[in-house]
Amino acid sequence: MSVVVAVKPSARKRNAKVGRLVFEDGSRHAFESRAAAERWADDLSTGDGHVWVASAHPRDGDDADCYLVSRATNAKLEAAYDKRRRRLRGDAAPEQESLGGEP
């Protein structure tokens, strides 16, 4: 039995090794088993952005059994403090207070 893994754009954007692989060998790869595909994803993740194998939806019209995916995020934006959250919660205090500090 062969397992076909299609590389999604999120994996290419997050992991440079995956991008090179797609450029050189295409976006579809066949493996003898799901376990072999997962080992491949683990090897690709070493030292670069984390990628993993996810099952394709049964109703997906694609002929792939699985997808190589990643969470394509902007870490700088995720790490930034969002002042809007405080305003939306209704916090009126403009200054942050330390734990155990006087209000």
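How many residues has helix 3, and how far does helix 3 reach from its first C-alpha to its last? Helix 3 (residues 34–45) has twelve residues and reaches 17 Å, close to the 16 Å expected at 1.5 Å a residue; the expected span is 1.5 Å times one less than the number of residues.

## Basis

This is a predicted model, in which local features need pLDDT of at least 70, side-chain atom pairs count only at pLDDT 80 or more, and totals for chains, interfaces and linings use all residues. Residues are numbered from 1 along each chain as its sequence is written, and side-chain values use heavy atoms, with hydrogens and water left out.

Helices (H or I, at least four residues) and strands (E, at least two) are DSSP runs, numbered from the N terminus. Buried means under 20% relative accessible area, exposed over 50%, and partly exposed in between (1.4 Å probe, protein chains only).

## Helix 3

The buried residues of helix 3 are Ala36, Ala37, Trp40, Ala41, Leu44 and Ser45. Their cover includes strand 1 (3–7), helix 2 (16–25), strand 2, strand 3 (52–55) and strand 4 (66–69).

## Helix 2

Val18, Leu21 and Val22 are buried in helix 2. Seen down the helix axis, these buried residues fall within an arc of 95°, so they line one face of helix 2; the arc is that of the directions from the axis to the C-beta atoms. Phe23 and Glu24 are exposed on the face turned away from the buried side.

At the N-terminal end, asparagine 15 caps helix 2, with a side-chain oxygen 2.9 Å from the backbone nitrogen of lysine 17. Glycine 26 follows helix 2 and has a positive phi, near 95°.

## Histidine 29

Histidine 29 lies in strand 2 (residues 28–31) and is buried, with a relative accessible area of 13%. Its side chain reaches the backbone oxygen of glycine 26 at 3.0 Å. Leaving out residues up to four places away in sequence, histidine 29 touches Val3, Val4, Val5, Val7, Leu21 and Trp40 (contact: heavy atoms within 4.5 Å).

## Aromatic rings

One aromatic pair is found in a search of the whole structure. Phenylalanine 31 and tryptophan 40 form this tilted pair, 4.8 Å centre to centre with 45° between the planes. Rings of Phe, Tyr and Trp (its six-membered ring) pair if their centres lie within 6.5 Å; planes under 30 degrees apart count as stacked, over 60 as edge-to-face and the rest as tilted. Phenylalanine 31 is buried at 15% relative accessibility, and tryptophan 40 is buried with a relative accessible area of 15%.

Notes. A polar contact is a pair of N or O atoms within 3.5 Å; within protein, one must be able to donate a hydrogen and the other to accept it, and residues adjacent in sequence count only if both atoms are side-chain atoms.
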